[in-house]
Amino acid sequence: MRQTVLERTSEQIADTVGKAARATGSIGSALHDRYDEAKQLARRGTHRAEELFDESKLHIKRHPVAAVAGSFSLGLGIGILLGWTLRRK
């Protein structure tokens, strides 16, 4: 009887160790997949930012007056908003 209890306990321990090893492997695999996805998204974001920068440079070369006027208007608008906000306090 004592040997069967020891055998059952040994089997349960081995089963638990096996389940823990499988769970660890699954978690590691999932983390690796998410890491790869994050790297791919970062690469895509970098490429898109480079494309947007190149498009902006091309637009400024084609329409320099509009670009300067737009930048001036944006700066003026931000300045007015900041001045209005700081005066209210």
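Hi everyone, let's start with a charged pair: glutamate 55 makes a salt bridge with arginine 48, and their closest N and O atoms are 3.8 Å apart. Glutamate 55 is partly exposed, at 45% relative accessible area. Through shared partners, salt bridges link Arg48, Glu51 and Glu55 into one network. Please keep in mind that this is a predicted model.

So what is the other contact in that network? The side chains of arginine 48 and glutamate 51 meet in a salt bridge, at 3.3 Å from N to O. Both residues sit in helix 1, three residues apart, or about one turn of the helix. Arginine 48 is partly exposed, with a relative accessible area of 42%, and glutamate 51 also counts as partly exposed, at 42%.

Moving along, lysine 19 and aspartate 15 form another salt bridge, with the closest N and O atoms 3.5 Å apart. They are separated by about one helical turn, because they lie four residues apart in helix 1, which covers residues 2-62. Aspartate 15 is partly exposed, at 39% relative accessible area. Over the whole structure, a search finds four salt bridges.

Now for something nonpolar. Which residues form the surface patch? They are Phe72, Leu76 and Ile80, with about 340 Å² of accessible area together. Isoleucine 80 belongs to helix 2 and is exposed, its relative accessible area being 55%.

Leucine 82 is also found in helix 2, which spans residues 64-88. Is leucine 82 buried or exposed? With a relative accessible area of 51%, leucine 82 is exposed, because the cut-off is over 50%. Its C-alpha atom is separated by 58 Å from that of alanine 21, 61 residues away along the chain. Thanks, everyone!

How values were computed
Residues are numbered from 1 along each chain as its sequence is written. This is a predicted model: local features need pLDDT of at least 70, side-chain atom pairs count only at pLDDT 80 or more; totals for chains, interfaces and linings use all residues. Side-chain values use heavy atoms; hydrogens and water are left out. Helices (H or I, at least four residues) and strands (E, at least two) are DSSP runs, numbered from the N terminus. Buried means under 20% relative accessible area, exposed over 50%, partly exposed in between (1.4 Å probe, protein chains only). Patches are made of residues with over 30% relative accessible area and no salt bridge: like charges are joined within 9 Å, nonpolar side chains (Val, Leu, Ile, Met, Phe, Trp, Tyr) within 5 Å. Accessible areas come from the Shrake-Rupley method with a 1.4 Å probe; for residues, only the protein chains shown count as cover.
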